[in-house]
Amino acid sequence: MIRVFKKISFLLIISSLLFLQACEKTPDPVIKTGEAGFFIINEGAFGKGNSSISFYDRKTDEVTNDIFFKKNGSQLGDQAQSMTIHEGKGYIIVQGDKKVKVIDPTDFTLKKVISSGIENPRYYLGISASKAYISDWGADGLTGSVKVYEPIRQEVISKISTGKGANKMLLVGNFVYVANSGGFGKDSTVKVIDITTDKIVASITTGNNPNSLQIDKDGNIWVTSSGANEYDADFNLVEAKSTKGSISKISGNKEVLRLTVDKFAFSNVSNLNMSVDGTTLYYSYDGSIYSMNISATALPTLPLIAKDYYGLALDPFNGNLIACDAPTFTSAGNIDVYDTTGKLLKTYAVGIAPNGCSFK
Amino acid sequence: MITQLKTFVFGVPFLLPIISYGQQKDSVRLLQEVMVEQSRLGNIAISRYTLKVDSLSLRLSFANSLADLLRKQGFGHLRAYGPGGVATASFRGTGSSHTAVLWNGVNISSPLLGLTDLSQVPMSFADDAVVQAGGASSIYGNGSIGGTIQLNNKARFGDGLKIVTQLSGGSFGTYFQNGEIKWSNKKFITSTKAFVSVANNDFEFINRSNFPVSVDKRTHNAMQQVGVLQQNYWKISHQHLINAKFWYQDNEYQVPALSSDSKPSLANQKDVFYRALVGWNFDSPNFEVSYQAAFINHELLYADPAINLVSKSNFRTAIQNAEINFLAMKKASATAGINYTWEEGITDNFGQLAPMRNRIALFSAYKWQPNVAWELASSFREEWVDGNANPIAPAITVKYKLPNGTSFYGSTSNNYRIPTFNDLFWIGAGGQSNPVLKTETSHSTEIGFAFLAKSISSNSKLEFKGAVYTNSVNDWIQWSPNNALWSPKNLKKVWSRGVEVQGQLQQSFNEINASFSFQYTFTKATNEDLYNSVNSNELHKQLFYTPMHEGSATVRVSAYGYSFTFNSSYTGSQFTDGDNNIFFANKEYLISNVWLNKTLSFHHFTGSVMAEVNNAFNIEYLSRPGYPMPGINYKFGITLQFNKPSKI
């Protein structure tokens, strides 16, 4: 009996050792984000339910389209806005369906659909293993907020009202910066949330409708704002009531520099990206892509790429620009890969209306 | 970018008001005859490949809209947002705005979008429905590129008092009631019809966008319609006849969300319209003259409280039409006419502007029958919009008939469609109209045959018809984005070609009548030129929402007042994007329906009771992605008619 007990204890000890070992985080070789490749989010046409996800495999240098449908046999949904990989899961924001679809980023299997507590979602930001934020425009497009999401329980647990059109977010230390892009209205603030308390601790005024943000090598935060166009009943621009697009530099939770574009444009300053070394900004404006050094005191006058793109991403693995081309919303678009000098390297066919990338 | 796009896109697909403009005649003819029939142009044309809804199917469909009827008959391709939702028809691979819908000869399509919402056409208001596929009806003018749908009212003098009431109810809170009071002697006819139609359409469906897949109930999907049709005819003398018609209808819809949407929609649409028509006919042995005037007012309100959106639009159309029909020639007949149409659109999306336009058209048709074997018909229409001439629309048809009744025909025509008010004047919210759009033009050719064999001894009849066509549409207008701003352009050339066949076999044994009928269409419609479009993906691809294969088959047995009808209609797989991506294709479906009908009669009363099983095999299907259709469902109906013939 005792021998049997000893044997069991021994086995238990061994197995628990093995178990502990399995739980211990094996130090990974340094894998750069984007080394495996990236997902392309194809927004689809509004109301048509034809969004999709493509995957670019860096090893094979090939894009596979419709990976969600191929794996799960169902449509991704209406208007995929973004995708973020967090703690080994891919969170796809399907704005039109007011859902977040959670997939396994390796085999693309659908794991969970979150809709409770979600109104009009835009972006997902992973904060820790037990916390993430989801920006949300609110059902009316005017009551924007950040939803506090608990990835382990897979539930939205609370919300923080931020302003109109809560859009892209940036995590810096213990703080998350939220750009209030206006939604269906107008806003001009970037709100700062303390992630330990989920409370807003600062509000920074920028140009109208700040939409995306990046941090540079010196820790300054840059924000693109699209400005606000006001029209009269005949859809003529009322310049006196309108504001132009701008780029703001934020330091110490204060706007320290605002560079304003010189003309009103329908497709305004947005899609801000930062070079890997944190010295060069890339953004869209008036049908072109521009680049600007963080030390510049004036906006560039000549575009880097003179073509209208629907979305823009910067590949953290090699620093290339991935420009998303949506020529029509009735058929598939492309991604054009450029080097930092604006030279077109390669074009890949993707899905309908690509708007951005998520790096694996 | 998204904000503007959204507001704009919200505006477009659901703003489907119907206002009519018409350039066609409404002509009351055959004054010497008892029956008053509308729309004479059909008599100057040569019959080609037409789809005619038989009278029993029309009677059984009294509680349905034209959309429901076309869906079941499988005529053309019905594009719909679920049951009761906005529905349009597409024929021979053309667009939704390429079918002219005529009510007693008046074109009732909206000048805003160039469409007619067929869910707003109650079958109880039509005595006759004819679908003419193809462009040979180009004399009907604007929008008749793919075909025409003709809805006619017929009236009979000397019928006395007639009172009809029809009631029907069924699954998903469907309720319909129709009533008609008609009185006529040899000089007057007065008829008033009214209907109410209500449906909750809160059916269960399999929601495949949920994880795990679940059975959901469709929400915010109800509709409600109320309408009145008043008609009067007065035969002043044996040469003069006047008539007046008035159609009022109120249509309210809940606009459902996509089935994948996790939140219910709050959006509603309300369409209120009236269509008034007066006509005068003069008849002499050598010629007939007819004059019609119509006025149409249509208001549409679309509201989505979720995003504080309220969009109003209003259209008015005034049509005057005069034509003369020459009867003196022995082997020929000819018509010449003029049409003046004034139309106006008022909506916030046209800014301060309330665009209006004046359209004048001249038309003429000639038919020659040199002998019993040959027939030749030609027609043309020339239309000026605010003084600018559109391309002339001619058509020629030749027909040869064998002594045994089999006939062959060939037909060629040019058609056109003028840009809509939205194409020309829309501003704001991410969209920008294009004032320099060209008129779409098309050229079509078809050949066909009709075979008819009758055996009186064995009480049987066999009919077989077919057509092969080719149709190319130039300067096809499509909205596309440029630098985040959407605008319409003459973007492409579309070539559609296909085959259509239909057949019917009827057999009677004593009191038993049996029939089998079928029809099938093959449609290939591809983009052959994309002009300056940057996206060449769509070149040579099948147009989306255009199935290649469609058809239907119907078996009917009638005996001793009972009738049993079984009908199946098939809609092939259809692409929903310009790339023909199979992952987005809407799957094929075969839907079967069963009707049982029993006619009754007692003294002055006649009537019928009817039971209907729709989607009898409970097939899961979508009318388009995100818009599920109901599974098996039932309807029961009763018709009661009181008729006391006139003694005058």
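Q: Why is the pairing of Asp261(B) with Lys98(A) called a salt bridge?
A: A salt bridge needs a side-chain nitrogen of Lys or Arg within 4 Å of a carboxyl oxygen of Asp or Glu. Here the closest N and O atoms of Asp261(B) and Lys98(A) are 2.7 Å apart, so the pair meets that definition. Side chains of opposite charge can pair when their charged atoms come close. Bear in mind that this is a predicted model, where local features need pLDDT of at least 70, side-chain atom pairs count only at pLDDT 80 or more, and totals for chains, interfaces and linings use all residues. Residues are numbered from 1 along each chain as its sequence is written, chains are lettered from A and ligands numbered from 1 in the order in which they are written, and side-chain values use heavy atoms, with hydrogens and water left out.

Q: How many salt bridges are there between chain A and chain B?
A: The count between the two chains is one. Over all chains, the structure holds 31.

Q: How do you know which residues of chain A and chain B are in contact, and how many are there?
A: Contact means heavy atoms within 4.5 Å. By that test, 53 residues of chain A are in contact with 51 residues of chain B. The area buried between them (accessible area, 1.4 Å probe, that two parts lose on being put together, summed over both) is about 4200 Å², and carbon and sulfur atoms give 59% of it.

Q: What makes Asp286(A) and Lys263(A) a salt bridge, and where do they sit?
A: Their closest N and O atoms are 2.7 Å apart, so they qualify under the salt-bridge rule. The pair links distant parts of the chain, 23 residues apart. Asp286(A) is in the loop between strands S21 (280-285) and S22 (288-293) of chain A, while Lys263(A) is in the loop between S19 (254-260) and S20 (270-274). Strands here are DSSP runs (E, at least two residues) and helices are too (H or I, at least four), numbered from the N terminus. Asp286(A) also has a positive phi of about 50°, although it is not a glycine.

Q: What makes a space a cavity, and how many does a search of the whole structure find?
A: On a 1 Å grid over the protein atoms alone, a cavity is a set of points where a 1.4 Å probe fits but cannot get out.

Q: Which residues line the largest cavity?
A: Lining residues have an atom within 4 Å of a point. There are 50 of them, and Asp68(B), Arg71(B), Lys72(B), Pro83(B) and Gly84(B) lie nearest the centre. Helix H4 (residues 66-73) of chain B gives the most, with five residues.

Terms used
1 Å grid on protein atoms, 1.4 Å probe; cavity = no way out; pocket = protein on both sides within 12 Å on 5 of 7 lines; lining within 4 Å.
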